[in-house]
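Subject: Structure handover and notes

Dear colleague,

I am passing on the structure shown here, together with notes on what was found in it. Please read the notes with the coordinates open beside you.

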Amino acid sequence: MKIEDNKLEFSFPSPIQDLECEKMVLAALMTSYNCVSDLDPILDIECFSDLHNQEIYSAIKHIYNSGSTPSIVTVRSILVKNGSLVKANDLADIALGTVIDTNPYPLALRLKDLSYRRKLWEIGMKLAEGCSSEILDIESLHNEAKTCIDSVFDGLSNNISTLSDAYKEVQEQMLLNRDREPGEITGTPTGFAHFDNNGGLTGTDLIIIGADTSQGKTSFATLLAVQSIIHGDKVAFYSMEMTPKQLAARISSMYSSINSKDILNGRLELNDIYRIDGVMAGLNTDGLFFDGRSTSSLDSIITSIRQLKMKHDIKGAVVDYLQLIRVDDKGLNREQAVAKAARDLKNLAKELNIWIIALSQLSRGDKGNPIPSMAQLRDSGQIEEAADTVILLYRPKENAGFPAPFENVSPHGTCLVRVEKGRNVGVGEFICGFRPENTLFYPLSPFDLQRLSNVNLDVESGSSSIKRNGIPLEDLPF
């Protein structure tokens with residue numbers, strides 16, 4: 001024992017530990033990237049009582065924070081670099097020779113509890129030693145012990161906030177809104193006024209885009225992703241149906257007006273190739289990521305999104321599409337699996353403060369009413385519960401048309417976008433343009449819509465006012 005600045009400094013080897021539990025948790029951390037993220041809010045280096053286990057955990061966290069996947073090889077590399085005495089055989093013994101619990105969460109909670117108990121035990125031992133030595137006065141001992149006990153649980157309140165704390169954030173947001181330039185968008189812009197006038201794509205949001213087969217779900221999501229990278233935000237794209245090459249050809253077609261089939265399979269003129277090159281050079285193509293390691297597994301997609309957020313600070317992700325995601329839980333039926341995928345993606349969006357767009361097929365509705373509804377989201381009524389925004393696309397087939405108030409709009413080269421749920425952007429519907437040969441959706445101005453329907457152009461006092469059913473078009477959600 002020693003006294004410095006009137007404080008007790010004493011170190012006791014604590015008997016409070018569970019080395020087998022520590023090994024089981026480390027084994028889980030070295031074999032599952034998701035396990036590191038799931039247990040990160042609980043664990044810290046003090047959860048491990050053994051010095052070598054502390055070094056292993058520090059190496060795992062270093063690898064995780066760099067956006068890479070912890071493994072025996074990567075952990076060993078960091079340990080060697082740090083001059084640790086932990087040997088390769090020790091790591092192999094932990095990762096391969098330890099039974100890995102399928103649910104390490106309770107084990108992590110146990111280690112956290114033991115770390116608190118060790119700290120309290122050490123404080124008690126210091127207090128006992130101080131009382132027996134009579135070196136410090138009673139008041140100093142009491143104050144020192146009280147400060148140490150309070151500090152043990154300081155970390156427990158880090159994620160706890162009050163309404164007062166939340167309202168301070170609201171006040172800051174209101175002041176930021178006042179300083180914002182007119183027309184400036186708080187989130188990621190989409191090019192469509194209905195969304196952009198309400199902040200664009202917002203971090204923490206799960207956005208569901210639903211439509212029947214061949215209605216353009218992938219194209220609409222691709223457009224939003226490209227609009228994001230044009231704005232300067234980075235985006236990850238996961239497609240279970242298209243390769244990065246096919247998506248690149250589609251994007252090239254969208255912005256060059258040259259058919260994607262010709263781009264991939266045709267013999268283009270040099271002028272067309274130069275035209276495509278020029279268009280793509282104008283995009284921030286390094287801002288759109290495809291992860292070739294990810295599969296249709298929900299866990300692999302979530303892992304990839306987390307890594308890309310850490311490595312490249314992506315602002316959003318697109319998952320095409322929900323019904324093709326494989327959920328590795330044999331106890332779930334199809335509807336429950338899709339619901340889990342939607343909930344997990346929503347939780348991920350909230351955790352990483354990014355927006356996630358997930359595409360969804362629709363079940364067949366009433367043959368007499370082809371207009372899509374939220375109730376048709378296939379395989380799960382719980383998708384809409386997890387979603388912040390639900391967007392449904394409708395392009396009339398054959399001789400069908402749009403419902404009121406768009407019944408006079410030509411269905412050729414147009415699409416109805418229905419926002420049936422909009423926690424942040426509000427509900428509504430609007431008509432946008434669609435160029436099928438390039439699978440390009442694009443916003444329509446009031447004058448474009450006038451050309452496609454029988455709206456009237458009223459000129460009063462030298463100014464024009466376009467109206468449909470007496471409502472000025474500028475007041476409609478375009």
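**A lysine and its surroundings**

Not counting residues up to four places away in sequence, Lys61 touches Val36 and Asp40, where contact means heavy atoms within 4.5 Å. Lys61 is found in helix H3 (residues 51-65); helices (H or I, at least four residues) and strands (E, at least two) are DSSP runs, numbered from the N terminus. With a relative accessibility of 18%, Lys61 counts as buried, a word that stands for under 20% relative accessible area, with exposed over 50% and partly exposed in between (1.4 Å probe, protein chains only). The side chain of Lys61 also makes a polar contact, at 3.0 Å, with the side chain of Asp40. A polar contact is a pair of N or O atoms within 3.5 Å; within protein, one must be able to donate a hydrogen and the other to accept it, and residues adjacent in sequence count only if both atoms are side-chain atoms.

**Basis of the values**

The model is predicted, with local features needing pLDDT of at least 70 and side-chain atom pairs counting only at pLDDT 80 or more, while totals for chains, interfaces and linings use all residues. Residues are numbered from 1 along each chain as its sequence is written, and side-chain values use heavy atoms, with hydrogens and water left out.

**The chain and its sheet**

The chain has 17 helices and 14 strands, and buried residues make up 43% of its 478 residues. Of the contacts in the chain with a separation of 6 or more, 67% are between residues 24 or more positions apart.

An open sheet of nine strands, with mixed pairing, has the order S5-S4-S6-S7-S3-S8-S9-S10-S11; two strands pair if DSSP finds at least two bridges between them. Its edge strands are S5 (288-289) and S11 (440-442), each of which pairs on one side only. Strand S3 (residues 206-211) pairs with strand S7 (residues 355-361) in the parallel sense over six bridges, and the bridge partner of Ile209 in S7 is Leu359. S3 also runs parallel to S8, joined to it by four bridges, and here the bridge partner of Gly210 in S8 is Leu392.

Strand S8 (residues 389-394) is largely enclosed by the rest of the structure, because six of its six residues are buried. In a regular strand the side chains alternate between the two faces of the sheet. Both faces of S8 are covered, with Thr389, Ile391 and Leu393 buried on one side and Val390, Leu392 and Tyr394 buried on the other. S8 pairs with strand S9 (residues 414-422) in the antiparallel sense over six bridges, and the bridge partner of Ile391 in S9 is Val419.

In strand S4 sits Ser239, whose side chain reaches the backbone nitrogen of Met242 at 2.9 Å and has a polar atom 3.3 Å from the backbone nitrogen of Glu241. Leaving aside neighbours within four places in sequence, Ser239 is in contact with Leu247 and Asp320.

Helix H14 (residues 298-312) has 15 residues, of which 11 are buried; among them are Leu298, Ile302, Ile305, Arg306 and Lys309. After H14 comes Asp313, whose phi is positive, near 55°.

Helix H15 (residues 334-352) lies across S3, S6 and S7 and runs at about 165° to S7; axes are lines fitted to C-alpha atoms, for helices over the stretch in contact, and angles run from 0 to 180 degrees between N-to-C directions. The axes of H14 and H15 come within 11 Å and cross at roughly 10°. The two helices, H14 and H15, are therefore roughly parallel to each other, on a scale where angles under 35 degrees count as roughly parallel, over 145 as roughly antiparallel, 65 to 115 as roughly perpendicular and the rest as oblique. Their contact is made by Leu298, Ile302, Ile305, Arg306 and Lys309 of H14 and, on the H15 side, by residues including Lys340, Asp344 and Glu351.

Best regards
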